[in-house]
Amino acid sequence: PIPCVPWQSQTSGQYQRRVHGLTFFFIFDIVLQFFTAYKIKEGPDEGTFETRRSKIAARYLKSWFLVDFVASVPVDIIVSLVLTGSLQEQTDGFGFNKIVKLIRGVKLIRVLRMSRIIERLRDAYEINPHYLRLTKLFVVLVFMWHWIGCSYWLVADSR
């Protein structure tokens, strides 16, 4: 099982490999974005794809790069290397280690990337807007239910 509570102790090797694998995947995606052509939406070249790397990079740096970069920074690895000089997890009770684990919640910013995926799917396929709105509502409800459940667990565990 994948632990969903960021303040729990998550030191198993399997969990750490998953986290590092996902981090590598998102960093690789950042690099890939610098080489992905985009469709020009206005001007004399409207409808054609921009393939010049300088234009692609400039557009990406102005739009989603900061969000992608912040969400992909491996905070736990950096802090662990700074504090211990190795990749071993610190176990100092409720101190600094717990705060670092909460900072990892910043990776939730990756959810913002879903809007790009939905926009691409909407453009590529003729999706009925009512189905799209219903799907978005369902996803938001599932996330809300998840966070409410996590809050209940936190309250119950703290007593």
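## Overall layout

Read from one end of the sequence to the other, the protein runs α-β-β-α-α-α-α-α-α. That gives 7 helices and 2 strands, where helices (H or I, at least four residues) and strands (E, at least two) are DSSP runs, numbered from the N terminus. Keep in mind that this is a predicted model, in which local features need pLDDT of at least 70, side-chain atom pairs count only at pLDDT 80 or more, and totals for chains, interfaces and linings use all residues. Residues are numbered from 1 along each chain as its sequence is written, and side-chain values use heavy atoms, with hydrogens and water left out.

Of the 159 residues, 21% count as buried; buried means under 20% relative accessible area, exposed over 50%, and partly exposed in between (1.4 Å probe, protein chains only). As for contacts (heavy atoms within 4.5 Å), take those with a separation of 6 or more: 58% of them join residues 24 or more positions apart.

The predictor's confidence in each residue is its pLDDT, from 0 to 100. Here the mean is 77, and 71% of the residues reach 70 or more.

One stretch to treat with care is residues 87-94, where pLDDT stays under 50 and the model has 15 contacts beyond four places in sequence. Where pLDDT is low, the predicted coordinates should not be read in detail.

## The buried side of α3

Helix α3 covers residues 65-72, and its Asp68, Ala71 and Ser72 are buried. They sit on the same side of α3 because they cover an arc of only 95° around the axis, taken from the directions from the helix axis to the C-beta atoms. Their cover includes α1 (13-33), α2 (53-62) and α6 (114-124).

Trp147 is found in helix α7 (residues 129-158) and is partly exposed, at 38% relative accessibility.

## A salt bridge

A search of the whole structure finds 1 salt bridge, meaning a side-chain nitrogen of Lys or Arg within 4 Å of a carboxyl oxygen of Asp or Glu. Glu50 forms it with Arg52, and their closest N and O atoms are 2.8 Å apart. Glu50 is buried, at 8% relative accessible area, whereas Arg52 is partly exposed, at 49%.
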